[in-house]
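Try each task before reading its solution.

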Amino acid sequence: MAIKTKGIEIPNFFRALQRFQKEDPTFKAHMGQTSAQTISGMGELHLETYVERMKREYNVDCTTGKPRVNFRATVTRRAEFNYTHKRQTRGAGQYARIVEHIEPTEYGPEPGKDVGFENVVMGVKGAFHAIDSSELVFRLATISASKEAYKSARPVILEPIMTVEVMAPAEFQGQVIRSLHTRRGTVIDIEVALNNMFGYSNQLRGATQGKGEFSMEFKTTNLCCLTSKGN
């Protein structure tokens, strides 16, 4: 979430961020040289609590932006590439030719598990030069070839989908269901895109006279609504 001071209380602003990070390991502030910063935490309510504390304890009034969601990108079809990296400068040149493909695979890691990447060069089809080819040149060729193939592989954006549990008195059932429909929610299983859940706590309290509450957890990723409309 982007956060910026409204006034000139910059020293207190940085002092508050440093203190909050020491108190709470889940609260992170990405520091910069100006009064505009980015904070991250366990959710929207978590961040709003610290914004309110900053105003109450340090007399720092802030403006905040909409929280940002981590989207994922993938491809939907196989794409072949035949790329030649060739440069000639003073001394040794650079030459590498790669012939391969990229294709979609199933999403593997389970939620909450770390993902590791191994930096290796694998054998692919292509050509090399006895003097001008090297591991670095093939890495550069692979990067450029992948970028070209990615455009032809029908890339799409995936967004996180949350399972939402809403608890409210029975007389407010109609208002709760309507509020979820306005956020593209599937009420049978109550699945809502995380990007559409920001601000829902205020809407729910208003619809249930302050008696409703909700919790949510990650379930899966799905095709982003904006991507599907574009296609």
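The exercises below concern a predicted model.

**Exercise 1. Describe how H1 and H2 pack, and classify their orientation.**

Step 1. Start with the general idea: a pair of packed helices is described by the angle between the axes and the distance separating them.
Step 2. For H1 and H2 the angle is about 125°, and the axes lie 10 Å apart.
Step 3. Angles of 65 to 115 degrees count as roughly perpendicular and those over 145 as roughly antiparallel, so H1 and H2 are oblique to each other.
Step 4. The crossing of H1 past H2 is right-handed.
Step 5. On the H1 side, the contact includes Asn12, Phe13 and Arg15, while H2 contributes Tyr50, Arg53, Met54, Glu57 and Tyr58.
Step 6. By type, the residues of this contact are seven nonpolar, one polar and five charged.

**Exercise 2. Find the members of the largest nonpolar core that touch the most other members.**

Step 1. This core has 17 residues.
Step 2. Its members touching the most others are Ile3, Phe13, Leu17, Phe20, Phe27, Ile39 and Met54.
Step 3. Helix H1 (10-23) and helix H2 (44-58) are the elements that each give two or more residues to this core.
Step 4. Now take Ile39: leaving out residues up to four places away in sequence, Ile39 touches Met1, Ile3, Leu17, Phe27, Lys28, Ala29, Leu47 and Val51.

**Exercise 3. Is lysine 4 buried, partly exposed or exposed?**

Step 1. Locate lysine 4 in strand S1 (residues 2-5).
Step 2. Its relative accessible area is 42%; buried needs under 20% and exposed over 50%, so lysine 4 is partly exposed.
Step 3. Finally, check the C-alpha atoms of lysine 4 and cysteine 62: they are 5.4 Å apart, although 58 residues separate them along the chain.

Key:
Residues numbered from 1 in each chain as written. Predicted model: local features only at pLDDT ≥ 70, side-chain atom pairs only at ≥ 80, totals over all residues. Heavy atoms only, no water. Core = buried A, V, L, I, M, F, W, Y, C linked by side-chain atoms within 4.5 Å. Buried < 20%, exposed > 50% of the residue type's maximum accessible area, 1.4 Å probe, protein only. Helix = DSSP H or I, 4+ residues; strand = E, 2+ residues; numbered from the N terminus. Contact = heavy atoms within 4.5 Å. Axes fitted to C-alpha atoms, helices over the stretch in contact; angles between N-to-C directions. Parallel < 35°, antiparallel > 145°, perpendicular 65-115°, else oblique. Left-handed = near helix turned anticlockwise from the far one by under 90°. Nonpolar A, V, L, I, M, F, W, Y, C, P; charged D, E, K, R; others polar.
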